[in-house]
Amino acid sequence: MRTPTAPPGRRRATCVAALAAGVAAVSSACAGDFGAGGVTDRPGETIATGYMPSEPGITDHTARIIDLWNGSWIAAIFVIALIWGLVIWSVVAYRRRKGDNALPVQLRYHVPLELMYTIIPVLIVGVLYFYTVGTTAAIEDETGEADVNIEVYGKQWSWDFNYLDEDVYDVGVPAWQEDRTSEQRLPTLYLPVDQTVQFDLRSRDVQHSFWIPAFLYKLDVYPGVTNSFQVTPQR
C-alpha cells in the first residue's frame, strides 16, 4: 500500500483555490452525527425525504436512495396494516358467540390460504429486491470517467485526503490532540459541483466507515483493502 506524504508548503487554502467547490463535513460512522447533512427544518422537505438527514439533489444518487427508503416504508406500512386488519377481522368474525359451546371446524390444511401465505411474501420480497438491486447497481457503478480523483486514508482518529489531480495532500488532525484549532475539529473535504468524483478508500490502522452524511452513503475501510465509489455532487 502506497502511503503518500504531504508536499511541503501545501496548505488547505491551496485545496480551496484548486477545487473552488461545495464543502461537506465528513463524520465518523461511530459518532452518530449528521454533520453537514443535518435534517432540514422545513417540514415538507423532511417528510419528502422520509426523515433522512439530506435532501434530494445533494448528489446524483440521493434522490434514488430516498425513493427506495420511502418505498420500503410504504411497503412496510401496507404489510402492517394488512396483518392487523386480518387479526382484527379474525377476532371479530370468529369470536365465540353466546350459547355456542361447540368447537370451530378443524381443518388439517387450507390450500388457498397456504398459497396466499406463500405467494404474497414472495411478491413483496421480489419487488423490494428488484428496486434495491437496481439502486445499489446505480450507486456502485464506476464505469464513467472521473473528473476528480481523491484518495481517502482512515487513521486513528481522523481522515487524510489526497487530491491526486491537484497534488494536494490534506492531513486530518487526530481527535485526541487537544491542541488542535476549531477549524481542525472535523476533517473537511472540498468537492467540485457537477463533476464526477472518484473516491479510493484506504486505511492505515483502523477498520472504519467513510461517511458523508448528506450523501446518504457510507463505505467501509480496512487496512490492506481498497474500496471505491463515484459520486457527482450537485450542490
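Student: In what order do the elements of the chain run from the N terminus on?
Tutor: The order is α-β-β-α-α-α-β-β-β-β-β-β-β-β. The chain has four helices and ten strands, where helices (H or I, at least four residues) and strands (E, at least two) are DSSP runs numbered from the N terminus. This is a predicted model, in which local features need pLDDT of at least 70 and side-chain atom pairs count only at pLDDT 80 or more, while totals for chains, interfaces and linings use all residues. Residues are numbered from 1 along each chain as its sequence is written, and side-chain values use heavy atoms, with hydrogens and water left out.

Student: How much of the chain counts as buried?
Tutor: Of its 235 residues, 34% do. Buried means under 20% relative accessible area, exposed means over 50%, and partly exposed is in between (1.4 Å probe, protein chains only).

Student: Which residues does the "transmembrane region" annotation cover?
Tutor: In the unreviewed UniProt entry, it covers residues 73-94 and 115-132. UniProt positions are in the numbering used here, feature names are shortened, and annotations may be inferred rather than shown by experiment.

Student: What is the helix content of residues 73-94?
Tutor: That span is 95% helix and 0% strand, and its end C-alpha atoms lie 31 Å apart. Residues 115-132 are 100% helix and 0% strand, with end C-alpha atoms 26 Å apart.

Student: Which residues form the nonpolar patch on the surface?
Tutor: Ile-80, Ile-83, Trp-84, Val-87, Ile-88, Val-91 and Val-92, with about 680 Å² of accessible area together. Patch residues have over 30% relative accessible area and no salt bridge; nonpolar side chains (Val, Leu, Ile, Met, Phe, Trp, Tyr) are joined within 5 Å and like charges within 9 Å. The areas come from the Shrake-Rupley method with a 1.4 Å probe, and for residues only the protein chains shown count as cover.

Student: Where is Ile-80?
Tutor: Ile-80 is in helix H3, residues 62-93. It counts as partly exposed because its relative accessibility is 47%.

Student: On to charges. How many salt bridges does the structure hold?
Tutor: Three. A salt bridge here is a side-chain nitrogen of Lys or Arg within 4 Å of a carboxyl oxygen of Asp or Glu.

Student: Which residue does Arg-202 meet in a salt bridge?
Tutor: Glu-151, at 3.0 Å from N to O. The pair links distant parts of the chain, with Arg-202 in strand S7 (residues 197-203) and Glu-151 in strand S3 (residues 148-155), 51 residues apart.

Student: Are Arg-202 and Glu-151 buried or exposed?
Tutor: Arg-202 is buried, at 16% relative accessible area, and Glu-151 is buried at 5%.

Student: Which residues are linked in a network?
Tutor: Salt bridges link Lys-155, Asp-160 and Arg-204 in a network. Asp-160 meets Lys-155 at 2.8 Å, N to O, and Arg-204 meets Asp-160 at 3.3 Å, N to O. The Arg-204 and Asp-160 pair links distant parts of the chain, 44 residues apart.

Student: Why does Arg-204 count as partly exposed?
Tutor: Because its relative accessible area is 26%.

Student: Which residues gather in the patch of negative charge?
Tutor: Glu-145, Asp-147, Asp-165 and Glu-166, on the surface. Asp-165 is in the loop between strand S4 (158-163) and strand S5 (168-170).

Methods
Lys and Arg count as positive and Asp and Glu as negative; His and the chain ends are not counted. The place of a charge is taken as NZ of Lys, CZ of Arg, CG of Asp or CD of Glu.
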